[in-house]
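Student: I would like to work through this structure step by step. Please show it first.

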Amino acid sequence: MAVGLIFYGWNTIGYAGYEAVNALTPGLGGLFNGVWFLGGTLRAIIIRKPGTAYL
């Protein structure tokens, strides 16, 4: 749930940054896409059973 709220906020705020950087240097806007790895990383930290986070 919390990561969903982060993604929602990122969609509204992060997209403006993505467009600004991409306008200055095409292709560099991809640096703003790293936030999408947050959900999988947090899942691996929160779920501590061995092997469960990799399903």
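This is a predicted model: local features need pLDDT of at least 70, side-chain atom pairs count only at pLDDT 80 or more; totals for chains, interfaces and linings use all residues.

Student: How far apart are the end C-alpha atoms of helix α1?
Tutor: Helices are DSSP runs (H or I, at least four residues), numbered from the N terminus. The expected span is 1.5 Å times one less than the number of residues. Helix α1 covers residues 2–24, so its 23 residues should span 33 Å. The value from the model agrees: 32 Å.

Student: On which residue is the kink in α1 centred?
Tutor: The bend at a residue is the angle between axes fitted to the seven residues ending there and the seven starting there. In α1 the kink is about 40°.

Student: Which residues in α1 are buried?
Tutor: Buried means under 20% relative accessible area, exposed over 50%, and partly exposed in between (1.4 Å probe, protein chains only). What covers the buried residues of α1 includes α2 (38–46). The buried residues of α1 are Val3, Phe7, Gly14 and Gly17.

Student: Gly39 is in helix α2. Which residues does Gly39 contact, leaving aside neighbours within four places in sequence?
Tutor: Contact means heavy atoms within 4.5 Å. The C-alpha atoms of Gly39 and Ala2 are 9.5 Å apart, though 37 residues separate them along the chain. With those sequence neighbours left aside, Gly39 touches Val3 and Phe7.

Student: How many aromatic pairs are there?
Tutor: Rings of Phe, Tyr and Trp (its six-membered ring) pair if their centres lie within 6.5 Å; planes under 30 degrees apart count as stacked, over 60 as edge-to-face and the rest as tilted. By this rule the count is 3.

Student: What is the centre to centre distance for Trp10 and Phe32?
Tutor: Their planes are 25° apart, and the pair is stacked. Trp10 is in helix α1 and Phe32 in the loop between α1 and α2, 22 residues apart. Centre to centre, the distance for Trp10 and Phe32 is 6.0 Å.

Student: What is the angle between the planes of Tyr15 and Tyr18?
Tutor: This pair is stacked, at 6.1 Å centre to centre. Tyr15 and Tyr18 are 3 residues apart in helix α1, so about one helical turn separates them. The angle between their planes is 25°.

Note on methods:
Residues are numbered from 1 along each chain as its sequence is written. Side-chain values use heavy atoms; hydrogens and water are left out. Helices (H or I, at least four residues) and strands (E, at least two) are DSSP runs, numbered from the N terminus.
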